[in-house]
Amino acid sequence: MNRTTLSLIAGATALAAVTGFAAVTSPDTSGTGTAAAAAELPVERTSLTCPTPSVSDLAETTYTSFTPVIKGTGAEGKAELRPAATESTDGKPGKDGKKAPDEDAEDGKDAKGGKDKTDTAAKPVLAAKEPGKPVAVEDSGSESPALTGTADGKFAPGWTVQQTTEVAAGTGRGLLGVTCTAPDTDFWFPGASTAADRTDYVHLVNPDDSAAVVDIELYGRDGALETTAGEGITVPPHSDDPVLLSTLTTEKQDNMTVHVSVRSGRVGASVQALDDKLGGDWLSASVDPTGSLVIPGIPKDATAVRLVAFAPGDADADLKVRLASPSGQITPAGHETLHLKAGMTGAVDLGDVMRGEPGSLVLTPTGRSVPVVAAVRVVRGKGAGQETAFIPATRPVGTRATVVDNRAKGTTLSLTAPFGAAEVKVTASAGSEGGTAASKSFTIKAGTTQQIEAPVPSGLKGTYALTVESVSGGEVHGARTLTDGKDGVSAFTVQTLPDDRGLVAVPDAEQDLSVLQK
């Protein structure tokens with residue numbers, strides 16, 4: 001009996017250390033409600049997926065990979081990203097009607113005689129060299145690939161990858177950035193659209209050797225939309241299937257919530273939102289449905305802010321809306337609360353709510369807590385120089401969070417402590433082409449958002465990573481804004497800093513033995 005139980009604990013502990021997704025706690029037989037203490041160890045393996053950057057021939061994409069230096073990881077490991085096919089590999093047209101890359105092609109070659117992009121044995125596009133130093137590669141045009149990859153050993157805990165794309169002109173022009181996502185089985189995207197001036201794709205990236213089966217549900221202002229092809233979408237192994245949302249429904253709605261659920265397998269999912277007039281960016285998934293939400297790092301020069309939220313359960317949700325400014329939390333005039341009907345997407349235009357100060361939206365229940373998801377669409381600039389970005393509600397920084405592809409100019413880090421004062425440590429890594437790491441500590445007052453003067457590597461060459469670590473106090477949420485004001489366009493993109501989940505809880509073996517022997 002004891003031997004069997006101990007084997008199960010050992011197996012679960014090993015699984016947790018390898019996957020990074022499992023947390024193991026020992027059974028509580030004391031009747032006090034207190035389980036044996038658990039230690040936290042670095043994960044040993046992490047997977048990430050990056051969607052196809054752009055279909056524009058004018059696109060210039062940078063992929064950046066980074067792992068912070070973590071104690072207790074050992075000396076071995078690697079982190080590699082390889083190309084994924086950009087469409088279905090089963091010989092059928094992709095969701096946009098184009099042929100698959102291997103259709104009408106000879107073995108081992110694509111239709112143009114080049115190397116078949118579905119060749120999963122291709123050399124890595126991006127391979128890390130050492131923890132603590134980012135590595136970046138650049139690509140251009142519409143052929144830049146989606147990427148999938150894994151990090152293990154010393155590169156696994158905290159592994160972060162970003163792709164940043166500059167598009168000079170056309171629909172969706174501007175600066176588009178996305179943090180590559182871990183494969184999962186459930187994603188919520190409030191803020192998508194099928195309006196006439198929007199071209200939104202949900203990218204489904206399958207990193208595994210077997211096909212994944214995915215359902216896509218759309219929810220508008222009046223509830224679920226009837227979809228024609230959203231059920232049972234097969235995503236081939238090692239591929240990115242970009243699904244054009246307007247092909248799933250005949251309804252044209254400006255504020256929608258997209259729900260991606262996986263029947264079998266797993267995928268990484270992101271929404272690419274391209275606007276004819278307001279540029280484009282990536283919409284990352286909201287934090288899982290929960291009663292209170294924080295949307296951090298809204299730029300101080302935002303000219304328009306739109307909040308989009310959704311209550312996926314059977315109960316309506318009533319939320320207090322607060323803006324955490326540098327001086328404390330305030331109520332946006334005329335928008336003290338937001339009522340969400342169950343299963344219906346709600347949206348409110350907050351206009352020029354920032355008034356020259358950075359801030360974060362804090363959504364809390366007015367009474368009974370009901371799980372919700374949310375995001376904001378942010379517009380900067382005026383007239384023809386406007387551009388848009390999206391910020392989803394996000395997890396706290398937690399133990400540690402990292403954002404990469406920071407530049408000497410145009411990088412802004414915002415941190416908010418919505419429910420209590422907190423102290424954090426911010427580390428700027430060495431540069432991708434040279435420079436020395438630097439660190440600095442900050443105290444964030446309760447209920448405020450601070451646009452901090454983050455450290456920059458001395459002698460910086462190339463780009464660098466910023467890692468935020470919680471030291472003490474309440475939870476902290478963060479976001480980084482990149483700006484690039486070329487040709488009079490207020491190009492920008494915003495990435496949040498959720499906990500990197502680089503540590504996993506494992507039970508203390510001696511305590512488990514003593515419990516089981518009683």
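**Note on the predicted model: sheet, cores and salt bridges**

1. In this predicted model, an open sheet is built from four strands in the order β28-β35-β30-β32, with antiparallel pairing. The edges are held by β28 (400-406) and β32 (438-444); each has a single partner strand, so one side of each is left without a neighbour in the sheet. From one strand to the next, the twist averages 20°.

2. Within this sheet, seven bridges pair strand β30 (residues 422-428) with strand β35 (residues 464-473) in the antiparallel sense. Strands of a sheet pair through backbone hydrogen bonds.

3. R400 lies in strand β28 and D500 in the loop between β37 (491-496) and β38 (503-507), so the pair ties together parts that are 100 residues apart in sequence. R400 has a relative accessible area of 6% and is buried.

4. A further salt bridge joins the side chains of R407 and D405 (3.1 Å, N to O). D405 is buried, its relative accessible area being 1%.

5. Strand β10 (residues 186-192) has six of its seven residues buried, so it is largely enclosed by the rest of the structure. β10 runs antiparallel to strand β16 (residues 256-264), and six bridges join the two. Among these pairings, W188 has H259 in β16 as its bridge partner.

6. Because R263 lies in β16 and D215 in β12, the pair ties together parts that are 48 residues apart in sequence. Are its two members buried or exposed? R263, at 53% relative accessibility, counts as exposed, whereas D215, at 15%, counts as buried.

7. The salt bridges number nine in the model. A network of them links D254, R306 and D349.

8. The largest nonpolar core has 33 residues, of which I295, I298, V305, L307, L340, L361 and V376 touch the most other members. Leaving aside residues up to four places away in sequence, L340 touches A309, F310, A311, D316, A317, L319, G346 and V372. A second, separate core holds 26 residues, including L218, L225, V262 and A269. In soluble globular proteins, nonpolar side chains tend to be buried together.

Key:
Residues are numbered from 1 along each chain as its sequence is written. This is a predicted model: local features need pLDDT of at least 70, side-chain atom pairs count only at pLDDT 80 or more; totals for chains, interfaces and linings use all residues. Side-chain values use heavy atoms; hydrogens and water are left out. Two strands pair if DSSP finds at least two bridges between them. Axes are lines fitted to C-alpha atoms, for helices over the stretch in contact, and angles run from 0 to 180 degrees between N-to-C directions. A nonpolar core is a set of buried Ala, Val, Leu, Ile, Met, Phe, Trp, Tyr and Cys residues joined through side-chain atoms within 4.5 Å. Buried means under 20% relative accessible area, exposed over 50%, partly exposed in between (1.4 Å probe, protein chains only). Contact means heavy atoms within 4.5 Å. A salt bridge is a side-chain nitrogen of Lys or Arg within 4 Å of a carboxyl oxygen of Asp or Glu.
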